[in-house]
Amino acid sequence: MHAFRAAVEAGDADAIEALLAEDVVFTSPAVFKPYTGKAITAAILRGVVRVFEDFRYVREINDAGGRDHALVFTARVGDKQVTGCDFLSVNEDGLIDDFMVMVRPLSGLQALAEAMGAQFDRILADAETGSA
């Protein structure tokens with residue numbers, strides 16, 4: 001999904017949010033229960049942008065039908081290097097309706113979970129107000 005990748009690489013939170021369906025389901029690599037809805041997903045993604053350093057996509061995989069995409073990335077969380085993948089599915093309108101993230105290694109995932117947990121109150125407040 002080139003538009004999403006371009007928005008993430010540009011750090012454009014508004015463009016990222018515009019590509020999310022209202023009923024998007026976000027599955028975190030660190031939390032069992034998925035999050036549902038555009039507001040909370042956009043707020044989580046804004047939080048991720050604050051946490052990840054040296055983020056870059058290194059590979060993009062698309063299905064022939066154009067609905068499913070995988071974007072492989074590398075980043076740092078503190079002193080931990082991580083590799084991950086954003087698995088995206090789009091609906092008939094071309095908006096992301098399913099967003100699952102996987103991260104490795106375990107030490108990097110633990111650092112990410114800790115960093116995101118430390119700002120989760122802000123994420124929830126952002127979701128309620130729709131602000132960055």
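**Where does Glu53 stand?**

Is Glu53 buried, partly exposed or exposed? At 34% relative accessibility, Glu53 counts as partly exposed, where buried means under 20% relative accessible area, exposed over 50%, and partly exposed in between (1.4 Å probe, protein chains only).

A quick word on the basis: this is a predicted model, in which local features need pLDDT of at least 70 and side-chain atom pairs count only at pLDDT 80 or more, while totals for chains, interfaces and linings use all residues. Residues are numbered from 1 along each chain as its sequence is written, and side-chain values use heavy atoms, with hydrogens and water left out.

Let's turn to helix α1, residues 2-10, where Phe4, Arg5, Ala7 and Val8 are buried. Helices (H or I, at least four residues) and strands (E, at least two) are DSSP runs, numbered from the N terminus. Gly11 follows α1 and has a positive phi, near 70°.

**Salt bridges**

The whole structure holds 9 salt bridges, each a side-chain nitrogen of Lys or Arg within 4 Å of a carboxyl oxygen of Asp or Glu. Within α1, Arg5 pairs with Glu9, with 3.0 Å between the closest N and O atoms; the two are 4 residues apart, about one turn of the helix. Glu9 is partly exposed, at 46% relative accessibility.

Glu53 also has a partner: its side chain meets that of Arg76 in a salt bridge (3.1 Å, N to O). This pair links distant parts of the chain, with Arg76 in strand β4 and Glu53 in strand β3, 23 residues apart. Arg76 forms a salt bridge with Asp54 as well, the closest N and O atoms being 2.9 Å apart. Asp54 is exposed, with a relative accessible area of 55%, while Arg76 is partly exposed at 25%.

**The lining of the largest pocket**

Finally, have a look at the largest pocket, which is lined by 29 residues. Ile44, Leu45, Val48, Phe52 and Met116 lie nearest its centre. On a 1 Å grid over the protein atoms alone, a pocket is an open set of points where a 1.4 Å probe fits, with protein on both sides within 12 Å along at least five of seven lines; lining residues have an atom within 4 Å of a point. Helix α4 gives the largest share of the lining, 5 residues.
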